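This briefing walks through one protein chain, topic by topic. Please keep the sequence and the three-dimensional view side by side as you read.

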Amino acid sequence: MSKLTPYLCVADSRAAITWYEEVLGAAVKGRPYLMDDGRVGHVELTIGDALLMMADPFPEVDVEPPDPSNGSPVSLHLEVADCDALAAAAVRMGARLDRGPESTNHGRSATFRDPFGHRWMVNS
């Protein structure tokens, strides 16, 4: 085994793509796979050298997004050039700041929940 790639479910993949592009600097890799009913069945985003996969909800196969009003049991950790600037951009774009930005033993860090319910830990 050599790679672990998060595969997120979000309530609105189209909105999430835009949010991740604007806040995290993500880029769509290839073309999103669209289902006959209009849902995004699969999309891949790159953030630097990292890969993130994502899809809309598919309740018929128990694929549901997190509830943005609750905590997420999973955190996504991302190393960034400027933690403070990214956290500020995330909050401007609707994220809920949980902690920081603050100086830690591991550099500057912040934790926020994006508008889609996913928890991000960023540090620089």
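A polar contact is a pair of N or O atoms within 3.5 Å, and within protein one of the two must be able to donate a hydrogen while the other must be able to accept it. With that in mind, look at the start of helix α1, where a side-chain oxygen of aspartate 12 reaches to within 3.2 Å of the backbone nitrogen of arginine 14. The model shown here is a predicted one, and the points below describe what was computed from it.

**The chain as a whole**

- The secondary structure of the chain comes to 2 helices and 8 strands, and when it is read along the sequence these elements follow the pattern β-α-β-β-β-β-α-β-β-β.
- A compact globule of 124 residues would have a radius of gyration near 14 Å, and the value of 15 Å for this chain agrees with that.
- Along its principal axes, the C-alpha trace spans about 45 × 30 × 30 Å.
- Of the 124 residues in the chain, 37% are buried, while the accessible surface comes to about 7,300 Å², with 53% of that area belonging to carbon and sulfur atoms.
- Among the contacts in the chain with a separation of 6 or more, 52% are between residues 24 or more positions apart.

- Helix α1 covers residues 13–24, and its buried residues are Ser13, Ala16, Ile17, Trp19, Tyr20, Val23 and Leu24.
- An α-helix has 3.6 residues a turn, so residues three or four places apart point the same way.
- After α1 comes glycine 25, whose phi is positive, near 75 degrees.
- The structure holds 5 aromatic pairs; in one of them, the rings of tryptophan 19 and tyrosine 20 have their centres 5.7 Å apart and their planes at 85 degrees, so this pair is edge-to-face, the class for planes over 60 degrees apart.
- Tryptophan 19 has a relative accessibility of 5% and therefore counts as buried, given that the cut-off is under 20%, and tyrosine 20 is buried too, with a relative accessible area of 0%.
- Both of these residues belong to one aromatic cluster, which is formed by Trp19, Tyr20, Phe112, Phe116 and Trp120.

**Strands β6 and β7, and arginine 113**

- Strand β6 (residues 96–104) pairs with β7 in the antiparallel sense over 6 bridges, and the two strands form a hairpin with 2 residues between them.
- Arginine 113 has its place in strand β7, which covers residues 107–113, and arginine 96 stands opposite it.
- Is arginine 113 buried or exposed? At 9% relative accessibility, arginine 113 counts as buried.
- A polar atom of the side chain of arginine 113 lies 2.9 Å from the backbone oxygen of asparagine 70.
- If its neighbours within four places in sequence are left aside, arginine 113 is in contact with Pro68, Ser69, Asn70, Gly71, Ala95, Arg96, Asp98, His118 and Arg119.

**Helix α2 and alanine 88**

- Alanine 88 lies in helix α2, which covers residues 83–92, and with a relative accessibility of 35% alanine 88 counts as partly exposed.
- Although alanine 88 and proline 101 are 13 residues apart along the chain, their C-alpha atoms are separated by 8.9 Å.

Definitions and conventions: Residues numbered from 1 in each chain as written. Predicted model: local features only at pLDDT ≥ 70, side-chain atom pairs only at ≥ 80, totals over all residues. Heavy atoms only, no water. Phe/Tyr/Trp six-rings, centres within 6.5 Å; stacked < 30°, edge-to-face > 60°. Buried < 20%, exposed > 50% of the residue type's maximum accessible area, 1.4 Å probe, protein only. Helix = DSSP H or I, 4+ residues; strand = E, 2+ residues; numbered from the N terminus. Contact = heavy atoms within 4.5 Å. Pairing = 2+ DSSP bridges. Rg over C-alpha atoms; globule rule 2.2 N^0.38 Å. Areas by Shrake-Rupley, 256 points an atom, 1.4 Å probe, with all protein chains shown as cover.
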